[in-house]
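Q: Could we go through some of the packing and pairing in this model? Please begin with the term that the strand discussion will need.

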Amino acid sequence: MSEVNSPERVGGWTRLVTARPRLSLLAALVITALAVFAGSGVADRMGSGGWEDPDAESTYTTQALEREFPDSQPNLLLLLDSGDASVDDPAVVAEAERLTERLSAEPGISGVGSYWRTKSPALRSEDGHEALVAARIEGDEKAAGEILDRTAPALRGTHGPVEVSVGGPLAVRHEMQSIIQEDLLRAELIALPVTLVLLVMVFGSAIAALLPLGVGIVAILGTNAVLRGITEFTDVSVFAQNLTTALGLGLAIDYALFIVRRFREELAAGADAGAAIGTTLRTAGRTVLFSALTVAVSLAAMMVFPQYFLRSFAYAGIAVVLLAAAAALVLLPAALLLLGPRVNSLDLRRLLRRRGRGPGAAGAERPSRGWARFSVLVMRRAPVFAVVTTVGLVLLGLPFLGVKFGTADDRQLPATAESRVVQEHIREGFPGSPGGGLEVLADGAASPGEYDGYRKRIASLPGVQRVDGPVTGDGMAYFNVQPAGEPVGQGAQDLVRDLRAEPAPFDTSVTGTAAVLVDSKDAIADRLPWAVGIIVGVTLLLVFLLTGSVLIPLQAVVLNALSLTAMFGAVVWVFQDGHLSGLLSFTSTGDIETTLPVLMFCVAFGLSMDYGVFLLSRIKEEYDRTGDHEHSVTFGLRHTGGLITAAAVILAVVMVAIGTSRVTNTKMLGLGIALAVLMDAMVVRSLLVPAVMKLTGRFTWWAPAPLRAFHGRFGLSEGEPAPRGDQGAERIPDAGQERDKITVGA
């Protein structure tokens, strides 16, 4: 047997984490207090963008325009509403000029222009009662946000004959960041008490219920401190805090559930606290470690993408998973050792046991015979359950075939948000979709004739409504190209490619909303095979190390993928097509933000593997003990089915709480992953896994000789192997063994 599986190693780990339990808990308390201090204010250092590829042509062009032509990239818009009067009324003109001068005098603000100064028709509403003042706030996202906070309160509101509202890309991002922080606090206030109630229902004991919650809080606070440190070196998205809360509570509770449950089983079987901890760490503890590795790898795969929005979730996810596992494997055993049988204190189900179940040891874990009977039923009709369930999941995923990718805009915000109201007025009341155009940067000296010839050529391209410019500078110029139709529609995306392919006597590059979308889609398509390869490859390896089988890792990957179909189908049917938009209070834009499916795949796949590892490890443990395949499947589902379902419901509650956000992308993330988690636990683990394992039968545990030797040296083994003669053969049990017997002991 491998060194990692040796009893001495297990005993050493148990002694390490339980030698001084009080000191361990005191150290954890001190570290947690330091994490609270270190992680304070982390949200204020985070950004709300990160969807663009920093190395893309559109990013380079935008930065060049900001540097050379700041007037071309306004990020602050003031909407002046003159009521019944015209924006050309003398009193309105005078007040608009005063506001423009006031804005120009503000430090950190440049490129101030307005309809009244330029007379540009694009800055005047079609009904003549609204007009715009445009400016650029300089600096990075944090510095620009501070300037906006300083200047916006004095600008918005009533000024003489006009009413001023603040909008623009910077205001949209800033308001989104504030709303996400408010919604996250509300989600935590919803999730924590509901989770505690559910844990009490699962354990009965209030003491046992508080332990998983404590592990989750430690993981969340620790991750906030880690993210605060990461913000010193790179950009981190504020959206990552939602994942910190969801996974911090969800995974920590999952891990603690399995450890506390196994500890209570061992106590109920007559073991003392020290022996119970040893068995728990040797079995459930190792499973938690493998599960954490699989989830962390799924989240780490997002590091291959260039967008900091996705990379932020990798930072947060890896930190929270490892901290949750560490707390569950170090702090929780120390607490359990100190509590001993008192972990069953404040048993709220004692009255129920006395009335309906007769005498029994308080806190004794009774595996559900209902799950055993259910698994036997599924395996007896395995072909039917496998085919019907697979077809149903595939049908639920069909809407995703019609997915359309787009970019996040102001419609992510609630309809009453000020910056969204401004953008809605611009979108609906101003000519030519201001802000939806494409900018073509001409880098290099050229004659007026060359500029004019190029302008005429691009004006003749399909999908061009008009071309403005050139605006010339020091060895550079730029053209504004207004696409016909939707600013980010397929026509605008095709126009981006046509503009980039158009020959010119100077170097050209293109930016704009549609160009950012094209570059983002290309970056994701280029890196997606690497991310999927990392997830699948490491998952196959880890599940093989857990089971020693060639077939089970392949089954795990395929069944995990099937568990995600309902999520992806629902995302398109609900959020792209707009079904249930009234009930869920969001505005459908007719597309899905490009990075969201990647994020949801990585998170949901990792969580799916989390439950898969818990079920497979218990099946493998019993198979090692008895050598009976079908009995082991029944045993595993009997001992983990209810717990996996409870863990999935608790995690779904946390994700639904996140899904109550007023920001559409956060709502999509929370509700989509909640659906995926429930489908995985209640359909895939309950129906597909036992059905497929029945169909693969005696070959489920097969592996060729070289891989058997590899697993024998490096693999994970939790149970004592059964004396089966030639144990090193193909691990095929005797077909004459009893198949449907139910064994309670573990």
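A: Two strands are said to pair if DSSP finds at least two bridges between them. Please note that this is a predicted model.

Q: In which sense do β1 and β5 pair, and over how many bridges?
A: Strand β1, residues 76-81, and strand β5, residues 162-167, pair in the antiparallel sense over five bridges.

Q: Which residue of β5 stands opposite Leu79?
A: Ser165 in β5 stands opposite Leu79.

Q: And what about β4 and β5?
A: Strand β4, residues 157-159, pairs with β5 in the antiparallel sense over three bridges. The bridge partner of His159 in β5 is Val162. The hairpin of β4 and β5 has two residues between the strands, and Gly160 takes a positive phi near 60° there.

Q: Turning to the helices, at what angle do α7 and α23 pack?
A: Helix α7 (residues 169-203) and helix α23 (residues 629-659) pack at about 160°, with their axes 8 Å apart. Because angles over 145 degrees count as roughly antiparallel, α7 is roughly antiparallel to α23.

Q: Is the crossing left-handed or right-handed?
A: α7 passes α23 in a right-handed crossing.

Q: Which residues make that contact?
A: From α7, the contributors include Leu184, Ala187, Ile190, Ala191, Val194 and Thr195. From α23, they include Leu643, Ala646, Val649, Ile650 and Val653.

Q: How many of the contact residues are nonpolar, polar or charged?
A: The contact of α7 with α23 has 16 nonpolar residues, one polar and no charged.

Methods:
Residues are numbered from 1 along each chain as its sequence is written. This is a predicted model: local features need pLDDT of at least 70, side-chain atom pairs count only at pLDDT 80 or more; totals for chains, interfaces and linings use all residues. Side-chain values use heavy atoms; hydrogens and water are left out. Axes are lines fitted to C-alpha atoms, for helices over the stretch in contact, and angles run from 0 to 180 degrees between N-to-C directions. Helices (H or I, at least four residues) and strands (E, at least two) are DSSP runs, numbered from the N terminus. Angles under 35 degrees count as roughly parallel, over 145 as roughly antiparallel, 65 to 115 as roughly perpendicular and the rest as oblique. A crossing is left-handed if the near helix is turned anticlockwise from the far one by less than a right angle, and right-handed if clockwise. Contact means heavy atoms within 4.5 Å. Ala, Val, Leu, Ile, Met, Phe, Trp, Tyr, Cys and Pro count as nonpolar, Asp, Glu, Lys and Arg as charged, and the others, Gly among them, as polar.
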